[in-house]
Amino acid sequence: MASPVPITEIEALHRKVLLDSLTSYQTSNVFTDVTLIVDGNSFKAHKLILASCSYYFQSMFMDEMLEAKENVAHIQGISASGLSILLNYMYTSKLEITDLNVQDILATAVYTQVYPVVQACKQYLKLSLDVENCTDIATIADNYCLNDLKMDVFNFVSSSFIEVAKTKDFHRLSPEQIQYVVSRDVPINVTELKFLQYILLWFFKGNHNEIKSKLSHAENILKHIRFFEIIPSRLKGMLDVLFVERNKLNDPLYEIIMRISHQPENSLRVPLLKNSFSTRGMQLALVKVGGFGMNGLTNDINYSFIDERHWRHLTVIPHVEQCNYGTAVLNNELYVIGGCFNQSLQEVIHPFGFKFNPYTKSWQKIRSMMLERCRFTLNVLNNKLYAVAGATESGNGFDLEATKTAECYDLNRGAWSCIESLPECRQQHAAVSYSHMGKNMLFVSGGLHKDRVIASMFVYTEEKNSWSSCAPLLTPRADHFMVCYNYKLYVCSGWREDPNAPQLRIQVATIDAYDLITNTWSFVTNVPTPRYHTGVVAHDSKIYFIGGFHNDAMFHKDTAAIECYDILTDTWTKGDKHSQDFWEHNCVMLYVPKQHSDSKT
C-alpha cells in the first residue's frame, strides 16, 4: 500500500494549480468582471481576487457601493506601472522590487492597502539605506506615514551622522525632520559640539525662502542641543568661525544660540565627557571587567546602569583568559592593557592592549606597551594613558619581579614612550590622577615592595616629568584603590601583613582621605563588609564596592555584595547582590547605549 502524500505537498500543489489558473484567467480575460482604468490604461481583473488582496478594493466592491454594480472602475492617484506590478503580485505572488520601481509600487500598495507589499517595500528600502539615499528615503517615509521605516532611517542618520551631514542632500531635510533628528535620544557618532556645527550649517544652505523657513524653526530645533556637554571655550571658537568670520553676528540664529546655551539647565557640565563624545542614547553604567568566579577565570564584561541593579553582558575581552591587567576609560572607550595568563602551568605576562567602543560594540587592538606588565596601574591623565610599575619577567625568563619603570600612551601618536621611573619598585599598588589649574598629577600609593606591603606615596607631575614624595598612608596597603573627589584622595580596601604572623594577611577595612592642600591623611569611615580583591569605582561623591571575598577560608562569602559610600552625606547603602560571585575583577564607569540588546545575567 502506497504511503499517503504529506499534507504539505498537497497544499503546495493546490496553491500552484490555483495560482497558475488565476494567471491564465487574467491573461486570457476569462471570467474577468471588472476593468480598472488608470491614466488611460485598462486592466481587466476579477473582483474576488482584488477584494481578497486589497482592503481598498474590498470596500469598493461591497454591495452598497456604486462600484459593486459596475464593471468599470476609474482610479485616481496611482500610476499604471504601479498597478500593473501590483496586479501581477495578486495573481502570481511574485514581486520584483528595484530602485527604479519601488516608489511606484509603494505608492500603489499604500493607496490600495495591500499591506504585504507595503511591508516588502519598507524592507527593501531599509536594506538599501546608505549615506547618499537616506534623505530621499526619509522623505518617502514621511510622505506615506511609514513610522517604522522613518525610525530605521533616522537611526541610520544618527549612527552615520558625520557622513550624512557632509552629503549635498543633507540640507534638503525639512525643518521637521531636522528637529526629529536633534530631539531623539539615540546614540550619534559625533561630539555634541560637532553635531551642533553641522546643524548650524544646515540652516545656512538653501534659497532665500528655504533659509527663512528653517530659521522659523530654529528655537524648536536648538533647544534640543545638549549645550551642557559642550565646553564653553570650544563653543565660542566654533561660533566665531561660523558667525564672526562670516560677519553674521546680527544673525537671529546667533542670538538664539547665545540665549539657549546660557540657560541655567545648560550651565552644568558633564565632567566625564571632556567634549569627546555625546551622551545621546547613552546611560552611565557600572562595568565589571573579567575576574574570577565559581567557574574560574573569565574574560566576560558585564554592566549595570547606575540607577539599576540588573547586570547585563556587554562584551568579552578579545584575548586568552587573563587577569591582573590594567583598565582605564578614555573618551568613553574601555582600554584593557597588559596582564598575564597561564600557559603550561607557567604565568606569562604580556604587553598587548585593546580598546572597546560601546557605541559600535567593537574592539580594536592598540600598540603594545614597551614592557610587558601585570599587577600595575593604568590611569588617564591629560588625555593620555599612564602605565606605572607592576610585575614583569625577570632576566631568567621564569621568575617575576617588580619594576619601577613607567610609560605613557599618546592617542594622537598611537605610541608609548618612557617617562621618569618611580623612586622604588612596586606592584599591586594604587594610583589616581588629578588635574587642576593646568597642573596634571598622578599619585601612586602602597603596594608590594620586595614582598613587603608598603605605605609610601609619590606624585608624578607631568609638566616636570618627575616624582616627589607625599605623606605616607596611615596603614600600609596592597591591592587597594584610590579615587579622587574635590581636593581629596580616598584610599579604599586592600590588605597588609598580620603583625603577629607576617606570612598571613589581614584586611584594611577603612577609608582614609588625603588632603591635597595640606599633604595630610585622616580616617574617614569603616567599610561595612570588608573584602579581599573587591572592585572599587567612583562617580561624583559615591564610591562603589563590588564583589570580592570575605576571607581566605571561605572565599565565596559575600562575593556578590555591592555597597556604596556617599562622601557628601557620610552614609553607606547596600544594593542588591550580583547574581554571581566574583573577585579579582576591575571596575570602571562607562556610558553604554540604553537600548543594548544583550540579555540580563
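Biologist: Which residues line the largest cavity?
Modeller: The model is predicted: local features need pLDDT of at least 70, side-chain atom pairs 80 or more, while totals for chains, interfaces and linings use all residues. Residues count from 1 along each chain as its sequence is written, and side-chain values use heavy atoms, without hydrogens or water. On a 1 Å grid over the protein atoms alone, a cavity is a set of points where a 1.4 Å probe fits but cannot get out, and lining residues have an atom within 4 Å of a point. The lining is S493, G494, Q507, V508, A509, V527, T529, P530, R531, T534 and F545.

Biologist: What is the volume of the largest cavity?
Modeller: The whole structure has one cavity of 30 Å³ or more. Volume is the space filled by probe spheres set on the points, which are joined across faces, edges and corners. For the largest cavity that gives about 60 Å³.

Biologist: Which residues lie nearest the centre of the second largest pocket?
Modeller: A pocket is an open set with protein on both sides within 12 Å along at least five of seven lines. This pocket has a volume of about 390 Å³. Its lining has 18 residues, and nearest the centre lie N189, V190, S276, F277 and N331.

Biologist: What is the radius of gyration of the protein?
Modeller: It is taken over C-alpha atoms, and the globule rule is 2.2 Å times the number of residues to the power 0.38. A compact globule of 601 residues would come near 25 Å, but the protein has 33 Å.
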